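Please open the model in a viewer and keep a selection panel at hand. The tour below moves from one selection to the next.

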Amino acid sequence: MCCSGFLKMMMFIFNGGIFLAGGAILGVGVWVKVDSGSLLGLLDSVEEIPSELSQLVNVSYLLIAVGAVLLVIGFLGCCGAVKESRCMLLTFFSIVLIIFLIEVAGAVVLLVVQGLADQVLNTLEDDVRKSIRKEFGKENSLTDLWNATMEEFKCCGYKNYTDFDGSPFNIAHGGQFYPLTCCNATITEDKGRCATSDAEGSHIVGCFDKLLELIEDNAVIIAAVALGIAALEIAAMVVSMVLYKQIGTKA
């Protein structure tokens with residue numbers, strides 16, 4: 001009886017952790033989906049985007065799905081322990097095992113993507129620059145997205161301010177001015193514009209560096225969280241099987 005109570009308590013602890021982790025991942029997925037001004041949104045404006053990066057645009061859906069499944073798993077495990085249902089415990093074990101294998105594979109993929117991010121993003125440089133020089137200042141959706149991104153992440157262009165050379169915006173301003181985010185705030189506050197000499201002296205980093213940093217940082221965090229959840233799932237699977245066998249012995 002004492003052993004049974006201890007196993008139930010451990011199931012509650014492990015599944016409580018899985019449930020909370022699922023809620024957190026679901027929340028992050030919703031935030032990424034709602035945050036349409038994210039740097040990843042810029043990938044949609046590139047015509048020949050590599051398949052590796054096109055999948056990152058859909059990462060919000062993956063996070064939402066994983067979070068929802070973890071919520072269900074946590075609830076199912078707790079119910080199975082309380083009701084001492086062998087069917088629920090076996091279902092719980094099977095689902096957790098499948099999710100565990102998927103998470104391990106996903107963590108490995110994210111670590112690989114992190115290592116290749118610099119190389120893959122560099123291949124986009126020409127395509128992104130062409131997109132900027134063709135549409136920035138003419139196509140409202142792309143212009144607004146770039147302005148929102150540069151404002152949020154304090155960056156300028158893909159690599160630097162010269163990416164805007166020859167763009168409709170640059171031509172409309174006599175080829176002498178750039179978006180305000182390409183200059184230091186003190187300059188734009190005083191002059192209300194960002195001239196070529198000011199942009200050159202401001203040394204504002206390109207959004208390429210910010211995007212690379214975003215991918216690398218989030219890849220490590222997501223992989224670490226996935227591995228942490230995997231550890232909880234292993235413990236929960238072991239406890240569920242012990243409890244499953246114990247209930248069978250009682251019957």
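Begin by selecting C156 and C182, which form a disulfide with their sulfur atoms 1.9 Å apart; a disulfide here is a pair of cysteine sulfur atoms within 2.5 Å. The model is a predicted one, in which local features need pLDDT of at least 70 and side-chain atom pairs count only at pLDDT 80 or more, while totals for chains, interfaces and linings use all residues. Residues are numbered from 1 along each chain as its sequence is written, and side-chain values use heavy atoms, with hydrogens and water left out.

The torsion about the S-S bond of C156 and C182 is about 80°, so this disulfide is right-handed. C156 lies in the loop between α6 and α7 and C182 in the loop between α7 and α8 (185-191), so the pair ties together parts that are 26 residues apart in sequence. Helices are DSSP runs (H or I, at least four residues), numbered from the N terminus. Both cysteines, C156 and C182, are buried, that is, under 20% relative accessible area, where exposed means over 50% and partly exposed lies in between (1.4 Å probe, protein chains only).

Next, select C155 and C207, joined by a disulfide with an S to S distance of 2.0 Å. C155 sits in the loop between α6 and α7 (168-172), whereas C207 belongs to helix α10, 52 residues apart. Both C155 and C207 are buried.

Then select C183 and C194, a further disulfide, S to S 2.0 Å. C183 is in the loop between α7 and α8 and C194 in the loop between α8 and α9 (196-202), eleven residues apart. The count of disulfides comes to three, and with bonded cysteines counted along the chain their pattern is 1-6, 2-3, 4-5.

Now display helices α5 (residues 125-135) and α6 (residues 140-153), whose axes come within 10 Å and cross at roughly 120°. Axes are lines fitted to C-alpha atoms, for helices over the stretch in contact, with angles from 0 to 180 degrees between N-to-C directions. V128, S131, I132 and E135 of α5 meet L142, T143 and W146 of α6, contact meaning heavy atoms within 4.5 Å.

Finally, select M11, L70, I73, L89, F92, V239 and L243, which touch the most other members of the largest nonpolar core, a set of 25 residues. Such a core consists of buried Ala, Val, Leu, Ile, Met, Phe, Trp, Tyr and Cys residues joined through side-chain atoms within 4.5 Å. Its largest share, eight residues, comes from α10.

Conventions. Helix = DSSP H or I, 4+ residues; strand = E, 2+ residues; numbered from the N terminus.
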